[in-house]
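Please open the structure in your viewer and keep the sequence panel beside it. The tour below goes from one selection to the next and says what is to be found at each stop.

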Amino acid sequence: MNSIFIEENLLTFTTAAKYGSFSKAAEELGITTSAVSYTIKRIETYLDVALFIRDTRNIELTEAGFYFYRKATDLLNDFHSIKKSIYSIEQGIEARVRICINQLLYTPYHTARLLQILKKQFPTCQITVTTEVYNGVWDAIINNIADIAIGAPGTLMDGGGIDYMEIGAIHWQFAIASTHPLALMPEPIAESQLRLYPNIMVEDTAHTINKRVGWLLHGQEAIQVPDFNTKCQCQILGEGIGFLPDYMVKEHVKNGLLIPKQIQNPRQDSHMLLATQHSATGLVTQWIRKEFTNNGILANLYNDMLKPISPQ
């Protein structure tokens with residue numbers, strides 16, 4: 001026997017349930033009332049259960065009918081979603097895109113806006129987002145854990161098969177608590193003084209390639225934390241010192257929780273890349289690359305975090 005769970009039958013049933021009338025369902029679907037009645041009877045026979053309570057004027061769903069209505073609605077939504085996704089794939093839109101974001105560029109706001117923008121532009125594409133630190137970003141894309149890396153560190157890793165473009169730079173600022181002993185030191189502060197205090201470090205999350213160390217003086221104690229927000233809070237509490245992205249420091253400097261200081265050897269800007277798998281040629285990937293160029297939607301989204309790269 002052919003299954004009765006086909007789109008046409010399910011649509012007939014749900015329409016009848018919606019209007020509470022076979023005749024109104026027939027009018028909505030452009031078929032005869034007898035065709036509606038026949039289809040409902042076939043479904044009930046197949047399921048061996050009554051789906052409607054019938055009288056001379058109205059129909060009403062039974063308890064089993066309510067359950068079947070919910071499931072039939074879900075199936076119709078699935079049919080619609082599958083057809084829409086297949087059409088999108090045929091047009092070159094990826095079914096799924098995996099994005100890894102450097103923790104230096106990760107904030108809940110920026111990531112939520114990124115997802116909002118992408119889902120509005122490509123509603124059928126499943127977007128997944130992860131975050132890594134330093135070479136952990138390269139690790140993700142080299143090992144095919146991610147299709148796109150936003151903020152891959154500026155030194156391209158060996159391996160090939162990856163396309164990349166510069167999207168800006170993180171500017172670092174040495175900042176300490178206003179109550180820290182170094183706050184009263186004349187500037188620029190010598191490394192011999194800096195070495196006396198722990199450096200708060202965010203550990204590189206790479207597993208299969210070498211880990212990078214952001215900034216650490218020889219012989220200096222290191223306190224490792226999982227992310228830059230934790231690092232920032234540790235420095236606000238005076239538990240250590242170190243460089244922070246300037247966008248993260250601004251508000252805390254304004255509120256008097258941190259003070260910027262000049263040191264003898266300041267940390268150079270970190271260049272950020274947009275990296276993609278060479279094999280990733282779908283429309284979503286192409287659109288992301290285009291919108292990270294000058295004045296693009298994504299370039300504007302991150303322009304409060306990324307500085308233009310100065311010519312060498």
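Is L75 buried, partly exposed or exposed? L75 is partly exposed, with a relative accessible area of 33%, where buried means under 20% relative accessible area, exposed over 50%, and partly exposed in between (1.4 Å probe, protein chains only).

Before going further, note that this is a predicted model, in which local features need pLDDT of at least 70 and side-chain atom pairs count only at pLDDT 80 or more, while totals for chains, interfaces and linings use all residues. Residues are numbered from 1 along each chain as its sequence is written, and side-chain values use heavy atoms, with hydrogens and water left out.

**Salt bridges.** The structure holds seven salt bridges, each defined as a side-chain nitrogen of Lys or Arg within 4 Å of a carboxyl oxygen of Asp or Glu. Select R98 and D147, whose closest N and O atoms are 2.8 Å apart in one of these bridges. This pair links distant parts of the chain, with R98 in strand β3 (residues 96-102) and D147 in the loop between α6 (135-142) and β5 (148-153), 49 residues apart. Both R98 and D147 are buried.

Next, select K290 and E291, a salt bridge with its closest N and O atoms 2.5 Å apart. K290 is partly exposed, at a relative accessible area of 48%, whereas E291 is buried, at 8%. A further salt bridge joins the side chains of E191 and R195 (3.9 Å, N to O); E191 is partly exposed at 24% relative accessibility, and R195 is partly exposed at 32%.

**Largest pocket.** Select I167, G168, N294, A299 and P308, which lie nearest the centre of the largest pocket among its 16 lining residues. About 310 Å³ of space lies in this pocket. On a 1 Å grid over the protein atoms alone, a pocket is an open set of points with protein on both sides within 12 Å along at least five of seven lines, a cavity is a set of points where a 1.4 Å probe fits but cannot get out, and lining residues have an atom within 4 Å of a point. Both β6 (162-170) and α11 (297-301) supply at least two residues each to the lining of the largest pocket.

**Largest cavity.** The structure holds one cavity of 30 Å³ or more, and about 90 Å³ of space lies in the largest cavity; grid points are joined across faces, edges and corners, and a volume is the space filled by probe spheres set on the points. Select β8, which gives the most to this lining, with four residues. The lining also includes Y134, W215 and R267. End on R267, in the loop between β11 (258-260) and β12 (270-277), where R267 is buried, with a relative accessible area of 16%.
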